[in-house]
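User: Please take a close look at one part of this model, the salt bridge and the sheet beside that topic. I would like one connected account.

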Amino acid sequence: MSELYGTIGQQTYANLLADPQGADLITVPCKPGNGVVTAGTVLFRETTGLYSPAAAANVKADTQLVVLKETVDTGAAPG
């Protein structure tokens with residue numbers, strides 16, 4: 001099991017969490033205000049349609065999840 005955790009964050013098709021040959025690269029809109037989100041972070045789709053870093057509570061059967069391929073700066077939280 002430790003090998004799985006060791007590969008999260010690497011940017012090769014062989015290290016995706018799903019079938020590497022069946023995985024599609026897609027573009028997702030990130031929610032502003034989450035700061036720098038590093039490559040390999042699991043994001044979830046909020047009800048607004050924007051994606052934010054996922055916590056354990058967000059990982060459910062009815063939640064759309066993606067793995068971020070590149071580091072993104074979403075800016076500082078407003079205020």
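Analyst: The side chains of K31 and E46 meet in a salt bridge, with 3.5 Å from N to O. The term stands for a side-chain nitrogen of Lys or Arg within 4 Å of a carboxyl oxygen of Asp or Glu. The structure holds 1 such bridge. K31 lies in the loop between α1 (2-7) and β1 (36-37), and E46 in the loop between β2 and β3, so the pair ties together parts that are 15 residues apart in sequence. K31 is partly exposed, at 33% relative accessible area. E46 counts as buried, at 17%. Buried means under 20% relative accessible area, exposed over 50%, and partly exposed in between, with a 1.4 Å probe and protein chains only.

This is a predicted model: local features need pLDDT of at least 70, side-chain atom pairs count only at pLDDT 80 or more, and totals for chains, interfaces and linings use all residues. Residues are numbered from 1 along each chain as its sequence is written, and side-chain values use heavy atoms, with hydrogens and water left out.

Now the strands. Helices (H or I, at least four residues) and strands (E, at least two) are DSSP runs, numbered from the N terminus. β2 and β3 form a hairpin with 5 residues between them. In the turn, G49 has a positive phi of about 95°. T47 is also found in the loop between β2 and β3. At 86% relative accessibility, T47 counts as exposed.

Two strands pair if DSSP finds at least two bridges between them.

Strand β2 (residues 42-45) is joined to β3 by 3 bridges. L43 has P53 as its bridge partner in β3, and F44 has S52. Another 3 bridges join β2 to β4. There, V42 is partnered by V67.

L43 also belongs to the largest nonpolar core, which has 5 residues: V37, L43, Y51, V66 and L68. Such a core is a set of buried Ala, Val, Leu, Ile, Met, Phe, Trp, Tyr and Cys residues joined through side-chain atoms within 4.5 Å. Contact means heavy atoms within 4.5 Å.

One more loop deserves a look. T63 lies between β3 and β4. At 18% relative accessibility, T63 counts as buried. With neighbours within four places in sequence set aside, T63 is in contact with F44 and N58. The backbone oxygen of N58 lies 3.1 Å from a polar atom of the T63 side chain. T47 and T63 are 16 residues apart in sequence and 9.9 Å apart in space, C-alpha to C-alpha.

Terms used: A polar contact is a pair of N or O atoms within 3.5 Å; within protein, one must be able to donate a hydrogen and the other to accept it, and residues adjacent in sequence count only if both atoms are side-chain atoms.
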